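Below is a briefing on how the parts of one structure meet, grouped by topic for a reader who has the coordinates at hand.

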Amino acid sequence: MIDVQHLESIASQVRRDIVRMVHAVQSGHPGGSLGCADYFTALFFGVMDHRPQPFSMDAKGEDVFVLSNGHISPVYYSVLARSGYFPVSELATFRKLNSRLQGHPATHEHLPGVRIATGSLGQGLSVATGLAIAKKMNGEQKHVFALCGDGEIQEGQIWEAIMFAAHNKLDNMIITIDANGRQIDGDTKDIMGFEDLAPRFAAFGCDVMHMDGNNMQAVVNGLQEAKSRCGKGKPVVIIMQTEMGYPVDFMVGSHEWHGIAPNDDQLASALAQMPETLGDY
Amino acid sequence: MKTYTVQNEKDTRSGFGAGLSELGKSNPDVVAMCADLTGSLKMDAFQKEFPDRFIQTGIAEANMIGMAAGLATAGKIPFTGTFANFSTGRVYDQIRQSVAYSGKNVKICASHAGLTLGEDGATHQILEDIGMMKMLPGMTVINPCDYNQTKAATIAIAAYEGPVYLRFGRPKVPNFTDPDQKFEIGKALMINEGADVSIFCTGHMVWKAIEAGHILAEKGIDAEIINIHTIKPLDETAILDSVSKTRCAVTAEEHQMNGGLGDSVAQVLARKLPAPIEMVAVNDSFGESGTPNQLMAKYGIDTINIVEAAERVMKRK
């Protein structure tokens with residue numbers, strides 16, 4: 001049984017990590033990171049069967065996660081560190097010279113937990129698809145989780161991967177779309193009106209479900225349900241409704257916080273809204 | 001001038017297909033992927049024999065490269081197959097981020113490279129692929145010269161850990177290298193020892209260089225001919241040893257002059273052993289429809305062009 005309250009307290013710490021990391025170097029992507037903190041926490045501290053130590057690149061016998069929208073690296077790094085892949089103190093090196101915590105996730109510096117470089121959008125889902133094929137070939141009864149942004153799915157490669165996964169019945173994939181409705185230049189509905197996502201993925205042959213991404217109980221239930229829908233001949237797609245910047249009051253409701261850093265006052269205000277639970281790094 | 005016996009005329013892509021089938025038998029981690037060109041890439045034998053390790057990706061090359069990176073992450077050895085144009089230019093960013101920067105053990109196998117693709121024309125005749133691939137940190141770039149060598153190279157790259165670009169072609173060309181050769185990545189091969197001029201050649205141009213060597217010999221010119229099947233990492237020692245003897249160089253390739261083998265050889269010579277160099281390559285131009293022989297003649301990458309380049313460069317010593 002997953003302890004939802006415990007997950008909520010971890011997510012609060014993860015959110016503190018995110019704003020502190022981005023504030024420290026005055027660069028990075030806090031908006032999408034905050035919005036996805038519940039999803040990441042539920043995945044890495046509850047739903048996913050994974051082994052942080054010793055880290056194995058091939059993930060044989062483990063569930064595996066691929067972050068396709070690599071710019072939300074702060075949330076990824078925080079959950080990786082907090083779940084034991086590398087020391088929490090290393091979060092202080094985010095985006096700095098000689099760090100393993102590159103602006104966008106990379107394998108080049110051998111950061112445990114990261115299996116592929118992402119950042120140029122649309123590519124991670126294909127990598128996840130390759131991992132799903134490998135698990136099928138190996139006869140592993142394990143899941144491949146992938147996260148994509150709802151802006152990211154404007155990339156054609158996403159649909160190449162979805163087409164392939166559906167055609168090849170990769171029913172060990174759980175693909176989550178972070179539907180926060182925002183992208184750098186504005187709202188997704190204005191940039192590339194594509195908001196009615198479920199029928200599009202369904203038409204491509206996926207089993208589509210919805211999930212409230214900023215309610216821990218709903219996220220846990222949603223991910224568990226997604227797992228139960230696996231093995232039935234279709235990749236599972238979760239349209240995950242989130243708020244960019246959640247729960248920081250001055251960040252929600254706009255696309256502005258996609259890729260800018262809070263100043264000192266904004267940091268203090270944001271931290272006051274998210275209690276320290278596990279100890280700041 | 002050493003004489004080579006042509007065993008038969010065969011396409012290098014068939015050498016790839018034969019090598020891949022052997023790998024299917026010897027290495028259970030090898031996975032073959034193809035973007036709807038299985039027959040053209042000669043991957044059908046592998047597909048028939050190892051259907052569980054063959055992946056038809058459809059006409060979706062970007063996804064193929066990404067999935068290959070995923071398969072490699074899981075410990076497989078994926079060989080992707082499509083035309084050279086779709087293997088490189090179309091998917092450059094996918095190769096850059098998901099394969100090269102991520103250090104994945106993906107073998108990008110590319111057929112129909114260069115002008116000798118022929119009648120399909122410039123849309124398909126990529127002449128920039130070597131340049132694009134060699135610029136990527138950590139990428140190995142191989143361009144074997146005939147059927148036997150392509151087969152040997154295909155087998156060799158499976159045993160090497162890291163991303164590789166393997167380039168081959170469509171037409172039947174003289175098959176003259178040892179059928180039992182062991183392919184050594186990064187090791188240039190001496191075709192003919194000579195004293196007057198070094199000819200560094202790659203791919204289909206190796207046979208053209210041999211033809212040129214015979215013509216030059218008749219003219220009293222003793223050409224040293226070296227097969228640079230691996231453009232990256234480049235066998236600098238072989239180049240420097242040869243040019244320190246001959247004091248001048250010709251390069252020959254089925255590629256743009258910008259970014260190709262000539263570029264790489266010139267860099268080595270400029271840094272370590274300045275010497276006159278002439279480059280037989282396509283000069284900042286797209287190709288067009290035609291037969292392979294017509295195109296090589298029209299675009300200046302034929303036997304006679306190597307002969308003339310050798311004569312020119314010797315005068316600049």
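**Domains, core and chain contacts**

In this predicted model, 27 residues of domain 1 of chain B are in contact with 30 residues of domain 2 of chain B. The points below take up that contact, then the nonpolar core, and then the contact between the chains.

**The two domains of chain B**
- The domain assignment places domain 1 of chain B at 10-175 and domain 2 at 189-315, and the centres of the two domains, taken over C-alpha atoms, are separated by 25 Å.
- On the side of domain 1 of chain B that touches domain 2, the elements giving two or more residues are helix H6 (129-135), strand S6 (140-142), helix H7 (147-158) and strand S8 (172-175) of chain B.
- That side of domain 1 of chain B is made up of 13 nonpolar, ten polar and four charged residues.

**The nonpolar core**
- The largest nonpolar core comprises 188 residues, and B:Ile199 and B:Ala310 are those with the most contacts inside it.
- Because domain 1 (10-175) and domain 2 (189-315) of chain B both give residues to this core, it lies between them.
- Leaving aside neighbours within four places in sequence, the residues in contact with B:Ile199 include B:Ala209, B:Val250, B:Ile306 and B:Ala310.

**Chain B against chain A**
- Between the chains, 24 residues of chain B are in contact with 25 residues of chain A.
- Helix H3 (61-73) and helix H5 (92-101) of chain B each supply at least two residues of the side that touches chain A, and H3(B) gives the most, with nine residues.
- The residues on this side of chain B divide into nine nonpolar, twelve polar and three charged.

Terms used
Residues are numbered from 1 along each chain as its sequence is written. Chains are lettered from A and ligands numbered from 1 in the order in which they are written. This is a predicted model: local features need pLDDT of at least 70, side-chain atom pairs count only at pLDDT 80 or more; totals for chains, interfaces and linings use all residues. A nonpolar core is a set of buried Ala, Val, Leu, Ile, Met, Phe, Trp, Tyr and Cys residues joined through C-beta atoms within 7 Å. A residue is buried if 20 or more other C-beta atoms lie within 10 Å of its own, exposed if 12 or fewer, and partly exposed in between; C-beta atoms are placed from the backbone. Domain bounds come from an automatic or database domain assignment. Two residues are in contact if their C-beta atoms, placed from the backbone, lie within 7 Å. Helices (H or I, at least four residues) and strands (E, at least two) are DSSP runs, numbered from the N terminus. Ala, Val, Leu, Ile, Met, Phe, Trp, Tyr, Cys and Pro count as nonpolar, Asp, Glu, Lys and Arg as charged, and the others, Gly among them, as polar.
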